Amino acid sequence: MKRLLDILLPALVIAAALPVAYLELRPWLQSPDTLPVSLSAGEGADALHPLDRLLLQERFAIESSGLLPALANAEDGPRIRTLWVDACEVSQGAFRKFAQWLDFQPASRRRALRFRGKDAPAQPRNWKFDSSTRRHRISGRLDAPVSGVTFYDAHAYCKAAGGRLPSAAEWQAIAAGQSGRLYPWGGNFDEAPWPYLEPLLNAAQPCGLHPSTNTPEAVHDLGSGVSEWSSGPRGVGPAIHGGNGWQRPYALHALSLAWRPAHPAHRSPYTGFRCVYNSWPGPPPWRTRSKVRRVPRGQYPPAVPPAARAPRLLPHLPAEDLPLLPVLLRGAEQTGAARLSVMRREVTRAEYARFLRDPLARFGLYADPGEPKSHNYTPQNWAQQMQHPQRPVTGVDWWSAHAYARWAGGRLPHADEWVQIASGARAGIRPWGDPYAPHAVTLESRRQTPQRTGAAPGDRSQDGILDLAGNVSEWTATYQVGPGGYAMLVKGGNYTLPGPETTRVSFTTPVPPNHRAPTLGFRVVFDR
């Protein structure tokens, strides 16, 4: 008997150790095809560009602010010839003298001041150059900025004074300077020009009352007081620049890059102007004197700083996707990043077949505690699927995808992680970048089934991860609770969905965890 025990005991120990050894070694034996990816852990927010931080803070005001065209302007900085610019916005008193002078001019001179139309509608015949300032409560503050003037009025004043309205590029160059200032006065917002609760009082303050907001070249009130007309960007037409006494958030509208397209007949008690001159100006015919500042010739930085990521993202984000901006910016910010290994391709049918053959999987060793009893891991139409073993496995519910991920030694990605994996360090709207292109296996490819993984090489993230935008949609580990109960979030488009809408990294579909579909698969990530 003792001899029998001496033989059986080591055998039992070895038998008990084999499953443990198998569990420990199996992830290495699997050797999945993965690539390293860095994801932000939410730390290092101070490393973001200050403009990114501001736009992140004010992201829900951006859609209604009208600033999206300015944010989309990421062209190279303009080259400016030497200019002279009014140090102050044109005052109520100066504009009133212009209007009085004009009343005594012959019709031919008045016609010469008309705007003939270029990028904007031509000025209507018999236009009366006027300001609505005298019809609101700040009338008579002759040293306050004129307001309630149209583009036509501002154009005529500057032309009669021997100058012109600045272009959008010139206005931004004057505000940002050759150092590319975020605000006309520097890199941080200054709230000094908004001391009153009454917006008109903020707009009616005399020129230069707040020296801390002057440019280093001593140009006053570019980011406050009243907003200012320009002739606008080429091909766009008149634009309005800078902050004013009313429009909130002040920190957003006061940016040097801020402009909004406007109809030339637009009037507002918060819109005025200043003029620029190609040479040193003398006094205008109505004999008012204004100080001017020299703007040196040279190459100026782009209005949108190249280091800022949010301005490039925002014009491509629909309003419903604005909450995604923090995730995209964290995906672009690598400070304090977590390191993951991500499967290069979606899990294939051949890979999933090995999971089904494992007896430990059949015994439920990798099941989630909430998995339904008597759950079956076999996908829909499994025999038919195995005719193409290198295509992604589909027809698996969330419980099966979760169990496979645990069996492989990893897990399903969270939805935020999936977005960061797809958008990459460039923080793109789609895995390959911002503009839509038919790179993915979507409805437009006219495929009736999923294709072999990696069959669309253009559907590739910056890190080399394939098929994130199309082929099959993918389960994640994130759930949401709604009126009908809870659902898991599915990311990515597939071969039955239209590409322009569903290839965005923001595209999400809530799906019950028991759902199985021929368009739904998954991939696994591994913590490192």
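1. In the predicted model, Val85 has Arg293 of β9 as its bridge partner. Strand β3 (residues 83-86) and β9 run antiparallel and are joined by four bridges; strands are DSSP runs of E with at least two residues, numbered from the N terminus. These strands belong to an open three-stranded sheet ordered β8-β3-β9, with antiparallel pairing, where pairing requires at least two DSSP bridges between two strands. Its edge strands, β8 (276-277) and β9 (292-295), each pair on one side only.

2. Three bridges link the antiparallel strands β4 (residues 227-230) and β5 (residues 239-241), and Ser230 stands opposite Ala239 in β5.

3. Asp467 is placed in the loop between α17 (415-423) and β12 (473-482); helices are DSSP runs of H or I with at least four residues. Asp467 is buried but forms no salt bridge, Arg523 being the nearest side chain of opposite charge, at 5.7 Å. Buried denotes under 20% relative accessible area (1.4 Å probe, protein chains only), and a salt bridge places a side-chain nitrogen of Lys or Arg within 4 Å of a carboxyl oxygen of Asp or Glu. The Asp467 side chain reaches the backbone nitrogen of Gly454 at 2.8 Å.

4. Residues are numbered from 1 along each chain as its sequence is written, and side-chain values use heavy atoms, leaving out hydrogens and water. Local features need pLDDT of at least 70 and side-chain atom pairs count only at pLDDT 80 or more, whereas totals for chains, interfaces and linings use all residues.

How values were computed
Buried means under 20% relative accessible area, exposed over 50%, partly exposed in between (1.4 Å probe, protein chains only). Lys and Arg count as positive and Asp and Glu as negative; His and the chain ends are not counted. A polar contact is a pair of N or O atoms within 3.5 Å; within protein, one must be able to donate a hydrogen and the other to accept it, and residues adjacent in sequence count only if both atoms are side-chain atoms.
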